[in-house]
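I want to look up what sits around the ligands and then jot down a few things about the fold.

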Amino acid sequence: MRPSLGGPRLLLRRLREVMAEPISAQQRLDKLVVLIAANMVAEVCSVYVLRADGVLELYATEGLNRSQVHNTQMRVGQGLVGTVAKDATPLALADAQGHPNFLFFAELGEELFNAFLGVPILRSGDTLGVLVVQNRSHRLYSEDEIEALQTVAVVLAEMIASGDLQAIARPGTLLALDRPHQLKGLALSDAIGLGHVVLHEPRYVVANVVAEDARVEERRLDQAIEALKVSIDDLIARAEMARAGEHREILEAYRMFANDRGWATRMREAVATGLTAEAAVQRVQSDTRARLLRVADPYLREKLHDMDDLSNRLMRQLIGLESGPAGRLLPKDAIIVARNMGPAELLDYERERIRGLVLEEGSQTAHVTIVAKALGIATVGHVENVLTLVTDGDAIIVDGSSGMVHIRPPPDVEVAYAEKVRLRAKRQEVYRELRGTPSVTRDGTDIALLLNAGLIVDLPHLADTGARGIGLFRTELQFMVASTFPRISEQTRLYTSVLDEAAGAPVTFRSLDIGGDKVLPYMASEEEENPAMGWRAIRLTLDKPGLLRSQIRALLMAAKGRELRLMFPMISDVTEFDRAKELVDREVAYLSRMKQNGPTSIKLGAMVEVPSILWQLDALTRRVDFLSVGSNDLLQFFFASDRGNAKLSGRFDALSVPVLSALRSIAMAGHRASVPVTLCGELAGRPLEAMALLGIGFRSISMAPSSIGPVKAMLLELDLKDLEAELHPLLSAGEPVPDLRRRLMAYAESRGVPL
Ligand code: PEP
Ligand code: MG
């Protein structure tokens, strides 16, 4: 290594002093370049800042023509500086002028210099600028010098990120940091949210990048890495592994990286150059992110993603910060951004402050989506790389109807969205006006529109929407938001208020459906290969009859003097229903022994959501009072396609001959036996799908509150006989109809049925 004036640590200390001086941003930059040039024994040091329009602008220089500051400009990819920005990696050349990308800027006076070292100024993986040193001699910069310059770039990144440079930017130009981004994802919950980013896994803003004492920082880093390893081992050892995003493979990958010497070494090297432990973690993470944004290989991306998560965890170790909402102050228009999360994690947030949810993963029927929908939170999933593009507090718009996400939107986009929100509110007004209109098709068929619910806050939607009742009350949500098992008295209290608030409208409770991705943090569960097909729902509660009986008892007491409607999830064999019914009978007998009054009538139903039950429908309808089709689960098992897997969502279409034929057979079985059938999966809430369901014989459908209006508007214009005449020949032809969705859409359009 060439001798330098005091090495990187001293340089960092001097830089820190300059950062603290009460001078203008330009003066600060001018001082920094002089210091860096001297320390690196370079004749030139220049800072180029990237603007939002993709142009790199010279902001300060020592050694080149200073009159060119704010004048010399180049595009990303153009010249050597543009190449560094484009590749987001350092470029060291002994003979710069011999490089194919070399571009001669006569006005700078560069012709004298041969050696070139440029490093990207990175923050959260985003290129904010380029820092360059140059020498006359044909020298090759050493690894240590490259490392040192990258460390200095961290300081500059923080300076740019602090907004300090805005004051000296050319009028009307925006820095890359504030660049808007528009991303397309998958629309999951139809609402529009305008607000500010809250990272589910918070990222720490490193206030102090320069170490006071490098040895102390080394020790802190080592301790944090050790603690991280232990915490990951702990997570792996813990039984509750099925929580979304924390699957065993991911954790195993984390463990591998945490033990990866390369990763630790890079952070230690960064500390050795004089950064604090936090700044070192951030620097290495930033490199990882920059690579993540540039690799196409999905396998490698996944790995880089895991490393990024791990860096977040390490940072939290260092500063003792919790993930999730615990103790955090949310803005009142929070848009939560996460890679993925479980439904309970979303419920942990203060509902009133959440305007939207953006996930890098996610799918239509994952439980977190269902909860988001129930809460009316605008949600978009499959938003690639969103985590690398946002920081806490960024302005963001989530359009859950089109799947667009706008990061740091320019004013015209904000105005357009404000208008869109106003129009939607108007449309909601129209839907609200429909709430008193009977839900009868044009040719006079009455359709029951019911609500899916799970929390007491859902109940007012009955009145808002004019829904006829609650078709599915997911009782597990109460269990998921609790920190310990809700006692019988607590359950009774909730069910009583649900029935009170429903004021005589029918409420169909579903017995606990836990397991799968619905994990109770306080209940030990064993790790399962396939939790969705595992020990969940009725399987779990029949094996733990005490649990089911206490729930049944609470329901019986709550429904005292009124009707109780209760259904059991995931019935795959009629005997499971028989056994559940037996438990109900025993609880009824217990109540009468206790001389307690029970419900005036009890209606018991089964959910049809496991394909095996399709071949036992007549036996089932002989036993039950009603059926309810859980199309979310039924379809995942029908197509063997995980409902929570982002890669599979949208791959199989429910509007296909096999699915509609299967669903029709359920509706017909109910019809034959005069057993009412409802469908309560997400299908029911989408107007086109709901139209198809009516066309194959469903007369009762249950959905999220926001869907009632659009579905009612659709059916009011529908002539069912006409639709049946169109649809039935297609289903009976014994041939696939590849464009069934398109045909149904064309049908609706031709008949003026609003979708
Ligand atoms: C379903 O599976 O369609 C259903 C309604 O139940 P859940 O989404 O709660 O599994
Ligand atoms: Mg289900």
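Below are my entries, one topic at a time.

**Ground rules.** I'm working from a predicted model, where local features need pLDDT of at least 70, side-chain atom pairs count only at pLDDT 80 or more, and totals for chains, interfaces and linings use all residues. Residues are numbered from 1 along each chain as its sequence is written, chains are lettered from A and ligands numbered from 1 in the order in which they are written, and side-chain values use heavy atoms, with hydrogens and water left out.

**Overall.** I looked up the totals for the protein. There are 26 helices and 22 strands, taken as DSSP runs (helices H or I, at least four residues; strands E, at least two) numbered from the N terminus. The C-alpha atoms fill a box of roughly 95 × 55 × 45 Å along the principal axes. Of the 755 residues, 57% count as buried; buried means under 20% relative accessible area, exposed over 50%, and partly exposed in between, with a 1.4 Å probe and protein chains only.

**Ligand 1.** The side chain of His367 has an N or O atom 3.2 Å from a ligand oxygen. On its own, ligand 1 has 290 Å² of accessible area, and the protein covers 100% of that (Shrake-Rupley method, 1.4 Å probe; for residues, only the protein chains shown count as cover).

**His367.** This one is in helix 11. His367 counts as buried, at 8% relative accessibility, and its side chain makes a 3.1 Å polar contact with that of Arg643.

**Magnesium (ligand 2).** What coordinates the ion? Glu609 (OE) and Asp633 (OD) do, at 2.1 to 2.2 Å. Glu609 sits in the loop between strand 19 (601-608) and helix 20 (617-623), and Asp633 in helix 21, so the pair ties together parts 24 residues apart in sequence. Donors are N, O and S atoms within 2.8 Å of the metal (3.2 Å for Na, K and Ca), and with water not among the atoms, sites may look incomplete. Glu609 is buried at 2% relative accessible area, and Asp633 is buried at 2% too.

**Strands.** Why do I call strand 18 (563-568) largely enclosed? Because 5 of its 6 residues are buried. Strand 18 pairs with strand 17 (507-510) in the parallel sense over 3 bridges; strands pair if DSSP finds at least two bridges between them. Arg510 has Met567 of strand 18 as its bridge partner. Strands 18 and 19 also run parallel, joined by 6 bridges, with Arg565 partnered by Lys603 in strand 19.

Key
A polar contact is a pair of N or O atoms within 3.5 Å; within protein, one must be able to donate a hydrogen and the other to accept it, and residues adjacent in sequence count only if both atoms are side-chain atoms.
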